[in-house]
Amino acid sequence: MPITLVEGRRLSLSNLDKVLYPETGTTKGELVHYYTSVASALLPHLRDRPVSFVRYPDGPGGQIFVTKHLPPGTPTWVHTTETPSKSKESIRQVVVQDLPTLVWAANLVAELHTPQWREDEPGMADRLVVDLDPGAPADILACRDAALLLRERLAADGLTAYAKTSGSKGLHLLVPITPTPSAQVTAYAKGLAQELADAHPGLVVTTMAKKERPGHVFVDFSQNAAAKTTASPYTVRARPTPTVSAPVTWEELKAAGDAAELSFTIDDMPARMDEHGDLLAPLLNPRRAGNIPGPGAAGASGASGASGASDERGRAGVARRTPARAASDGGSGGSSGAASPSRAAGSSVSPASTRPLDPPLQVMRPKAVREVPAEDALPGGTQYSIKLDGWRALAFARGDAPAVLQSRSGRDLAPDFPGIAAAVAGLPEGVVLDGELCAWHEGRFAFGQLVRSARARARDAVQVSYVAFDLLAVPERDVRALPLCERWDLLHTLLAEAEPPLQIVMATNDRAEALSWREVLAPTGVEGLVAKGLDTAYRPQLRRGWLKIRDADTVDATVIGLTGTPRRPRALLTRLTDGTEALTSPQLDARQATEVAAAAAHRTHEAVDHPEHGRIHPTDPLPAEVLRDPGRTPYVRFIRLRGD
């Protein structure tokens, strides 16, 4: 039985070559690998919630059984919790808190289901869920139609819905809410379901009776009950093929013309994660939570809730600009959404006063520290976000004027990143973001790709995103004096429906969660953490409110070879002080290549075949400084040659 070490925990993994899904040939080993690949997105949705297992150890064609109790052989280090039970006082359940526990659970071969509440507040739901289940011949597209109606109705009560496939036949809608008794949430959801069934009897039913369900969508509100659970995001289902309960965008749902377009397997998810990240991340932000209308309000018109939501959007001042419509204004049919810079033909030009800030501006720079601060160490409490490996840039949305991507030095990077500039141009005029331009290639951040041309990046399928972590201005208002917690709320309102290449950085107020990200994401090239005081204003002249904690330090190394040619080196073979040999990555940029070529002139020898790195030109020893990656694989980034 293979033994593996995961974050210091020894795990026994069994029968990894066993085929679980005969239709696709998917093995147990591939299933375990999938869960590790989505751990960074999945774990936050499992953390602090007791897990129920729907086990299928011999595949979906074998025996399937449900267990809430601890499985036999549960390691002593797995976190467990006592939960209420109807049959007796309580039962003990697993809580998947970390990567070792997730890998152990994946080895059980089980769907992962959780309640809508956390272990510290049983029966106090922090999310509302609606399960849309089609009765043949209805399919997921009928569920989509019902979901769009429910989304609009929830918005009238000031609630924001997010969607995921069930991984089976239907859809799940998830709504972040302030902790509310499960019975009250269930009553509210039941009222919504009945209201929808009354208005659309040809589409929706609210009864489980099989005779009424053919051709209809069953709106199951009962999963909000304290004793009920729902398939977690990203869990694999016990279906004929390894389908996943996959988050989806509303745009995907609207555009789908066939049910197959909304079915995703473990093979589809890596590309989706690269493109979208975690689409359900807003569920994890307590500041995004809405309030369920009180008892007696379920099924009401929701007019007061709609007014409240409208007022909030008005205060934020970040309503999205309407894209051009070719049919109505004679335009060229520009695409809708955040990436469209189009304006409706004949519309008036916004006055310059809607732009309270213009480039260039100074940026906040965090102070380097060695230790991750405590949650109460910074003013107002601490927000933790991942430290990105990219180019810092302020993004200015300027209406009919071209968007600007200002580097720290004041240079406009927009011509080098036209896709990002177009996305920023689609934001409301006057918005100014602070963030990072990041390249992603072959499963990790690829800093060196940023120096290449847009055409070269596109040719090699390099994805570039703008990851926002602060907001400096909204139309007609400079918000830099506001505390970070308020700017963060405005930022989430602004980018609530944004899609790649615009994203919001991963952030949390939970130190333990931030430390887990640091561990899990290290192999992707995440450089560490940034800690910020929630009460701090955006004041570049002050550095005590922002702190950075790097997980890698520059170290001495010796260059002993190079790939490419002596005149145009591509990467360097280095020997570290502990004797480890590592090839630098990413590819050297033009300046670095010129520097190395000049220093290595007359000190480079004929190419040889290296057993690990292919064709290498050995060089006489060249002292260098490199940045050593904290991940599991030997990887260094070239910084400079040392003059000595």
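**Helix 3 and its surroundings**

Mentor: Helix 3 is followed by Val109, a residue whose phi is positive, near 60 degrees. In general, most residues other than glycine have a negative phi. The model discussed here is a predicted one, and every value that follows is computed from it.

Helix 3 itself spans residues 99-107. Of its 9 residues, 9 are buried, so helix 3 is largely enclosed by the rest of the structure. The buried residues are Leu99, Pro100, Thr101, Leu102, Val103, Trp104, Ala105, Ala106 and Asn107. For the chain of 644 residues, the share that counts as buried is 52%.

One partner of helix 3 is helix 1, which covers residues 28-37. The two helices pack at an angle of about 155 degrees, and their axes lie 9 Å apart. Because angles over 145 degrees count as roughly antiparallel, helix 1 is described as roughly antiparallel to helix 3. Their crossing is right-handed. On the side of helix 1, the contact is made by Lys28, Leu31, Val32, Tyr35 and Thr36, while helix 3 contributes Leu99, Leu102, Val103, Ala106 and Asn107. The spacing of such positions can be read against a general rule: an α-helix has 3.6 residues a turn, so residues three or four places apart point the same way. Sorted by class, the contact of helix 1 with helix 3 holds 7 nonpolar, 2 polar and 1 charged residues.

Helix 4 (residues 140-156) and helix 5 (residues 182-199) have axes that come within 11 Å and cross at roughly 125 degrees. That angle makes helix 4 oblique to helix 5. The crossing is right-handed. From helix 4 the contact draws on Ala146, Leu149, Leu150, Arg153 and Leu154, and from helix 5 on Tyr188, Leu192, Glu195 and Leu196. By class, this contact has 7 nonpolar, no polar and 2 charged residues.

Pro137 is found in the loop between strand 10 (124-134) and helix 4, and a cis peptide bond joins Ala136 to Pro137, with omega at about 5 degrees. Most peptide bonds are trans. Another cis bond runs from Pro359 to Pro360, with omega near 0 degrees; Pro360 belongs to the loop between helix 9 (326-329) and strand 17 (367-368).

Strand 12 (residues 171-181) contains Pro176, and Pro181 is placed in strand 12 as well. Pro176 counts as buried, at 2% relative accessibility, whereas Pro181 is partly exposed, with a relative accessible area of 38%. Pro176 and Arg127 are 49 residues apart in sequence, yet their C-alpha atoms are 4.4 Å apart in space. Leaving aside neighbours within four places in sequence, Pro176 is in contact with Asp126, Arg127, Thr160, Tyr162, Pro282, Leu283, Arg288, Ala289 and Gly290. Pro181 and Glu121 are 60 residues apart in sequence and 9.6 Å apart from C-alpha to C-alpha.

Among contacts between residues at least 6 apart in sequence, 68% join residues at least 24 apart. The chain has 14 helices and 34 strands.

Tyr234, in the loop between strand 15 (230-231) and strand 16 (247-248), has a phi near 75 degrees. His602, in the loop between helix 14 (590-600) and strand 32 (608-610), has a phi near 65 degrees. Tyr234 is buried, with a relative accessible area of 1%, while His602 counts as exposed, at 84% relative accessibility.

Technical notes:
Residues are numbered from 1 along each chain as its sequence is written. This is a predicted model: local features need pLDDT of at least 70, side-chain atom pairs count only at pLDDT 80 or more; totals for chains, interfaces and linings use all residues. Side-chain values use heavy atoms; hydrogens and water are left out. Axes are lines fitted to C-alpha atoms, for helices over the stretch in contact, and angles run from 0 to 180 degrees between N-to-C directions. Helices (H or I, at least four residues) and strands (E, at least two) are DSSP runs, numbered from the N terminus. Angles under 35 degrees count as roughly parallel, over 145 as roughly antiparallel, 65 to 115 as roughly perpendicular and the rest as oblique. A crossing is left-handed if the near helix is turned anticlockwise from the far one by less than a right angle, and right-handed if clockwise. Contact means heavy atoms within 4.5 Å. Ala, Val, Leu, Ile, Met, Phe, Trp, Tyr, Cys and Pro count as nonpolar, Asp, Glu, Lys and Arg as charged, and the others, Gly among them, as polar. Buried means under 20% relative accessible area, exposed over 50%, partly exposed in between (1.4 Å probe, protein chains only).
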